Amino acid sequence: MNNNFREVNDDLLKDWLDFREETNLAYLTEEDKKHYIQFDEISERILNNVPKQNYKYVKKQLELLDNNFLDYVCYYNEKYYRNGFCDGVQLIGGCLNS
């Protein structure tokens, strides 16, 4: 298998991951809901305890943190699933070559 498939790129595997995210992953199970990141609720509690003069700054920083975390999680998940897919294809290919 060509190693460039392991890199996070805009390709057929990326399209498949995007499709899966929009369909199957859009529906949360009860177990999924137990592990949901309650960023909005936590942010609101923080903002309720911030002095008025710092409110806008802290709110902006919390938004940046949320966006940065979401970016990281999306990148990491894509890389993880991409490598798992490549490993599976290599395993199947190895079995067929034996």
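Analyst: Let's go through the ring pairs and then a helix contact. This is a predicted model, where local features need pLDDT of at least 70, side-chain atom pairs count only at pLDDT 80 or more, and totals for chains, interfaces and linings use all residues. Residues are numbered from 1 along each chain as its sequence is written, and side-chain values use heavy atoms, leaving out hydrogens and water.

User: How many aromatic pairs does a search of the whole structure find?

Analyst: A pair of aromatic rings is described by the distance of the centres and the angle of the planes. Rings of Phe, Tyr and Trp (its six-membered ring) pair if their centres lie within 6.5 Å; planes under 30 degrees apart are stacked, over 60 edge-to-face, the rest tilted. Here the search gives 2 pairs. Tyrosine 72 and tyrosine 76 have centres 6.0 Å apart and planes at 25°, so they're stacked. For tyrosine 80 and tyrosine 81, it's 5.1 Å and 80°, so that pair is edge-to-face.

User: Where do tyrosine 72 and tyrosine 76 sit?

Analyst: Helices are DSSP runs (H or I, at least four residues), numbered from the N terminus. Both tyrosine 72 and tyrosine 76 belong to helix H4 (residues 55-97), 4 residues apart, which means about one helical turn between them.

User: Which residues of H1 meet H4?

Analyst: Contact means heavy atoms within 4.5 Å. Leu13, Lys14 and Leu17 in H1 touch Glu78, Tyr81, Arg82 and Phe85 in H4.

Key. Helix = DSSP H or I, 4+ residues; strand = E, 2+ residues; numbered from the N terminus.
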